[in-house]
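Hi everyone, thanks for coming. Let me put our chain up on the screen, and then we can walk through it together.

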Amino acid sequence: MKYLFAAAMLASAVVGFSEAASAAEGCGRGFYRGPYGNCRPMRGAVVVRPGPVYVAPPVVVVPRARACPYGFRWYAGRCRPF
């Protein structure tokens, strides 16, 4: 009985989510159904004005000098003896 209940809940969830996909009512993006069933545009033209552009100064990254003492060499990220 619990498997039948789980299957019914799953089926109702699938049907519920499939209705959300048809939220545009078949008119497409930017349109809606009017009072007589015609597709009407939601608003006039939407103009998006670009914001100001900020330019940051360039950042220069200089690698640290790898200086190992005498008898050592740089290997695997650290100074190691020969």
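**Contacts, cover and disulfides**

Among contacts (heavy atoms within 4.5 Å) in the protein chain between residues at least 6 apart in sequence, 0% join residues at least 24 apart. Please keep in mind that this is a predicted model, where local features need pLDDT of at least 70, side-chain atom pairs count only at pLDDT 80 or more, and totals for chains, interfaces and linings use all residues. Residues are numbered from 1 along each chain as its sequence is written, and side-chain values use heavy atoms, with hydrogens and water left out.

From the N terminus, the order is α-β-β-β-β; helices (H or I, at least four residues) and strands (E, at least two) are DSSP runs numbered from that end. Of the 82 residues, 2% are buried, meaning under 20% relative accessible area, with exposed over 50% and partly exposed in between (1.4 Å probe, protein chains only).

Now, how many disulfides are there? The search finds 2, each a pair of cysteine sulfur atoms within 2.5 Å. In one of them, Cys27 and Cys39 have their sulfurs 2.3 Å apart. Cys27 lies in the loop between α1 and β1 and Cys39 in strand β2, so this pair ties together parts 12 residues apart in sequence. Cys27 is buried at 15% relative accessibility, while Cys39 is partly exposed at 40%.

Cys68 is bonded to Cys79, S to S 2.1 Å. That bond runs from the loop between β2 and β3 to strand β4, 11 residues apart. Along the chain, the bonded cysteines pair as 1-2, 3-4.
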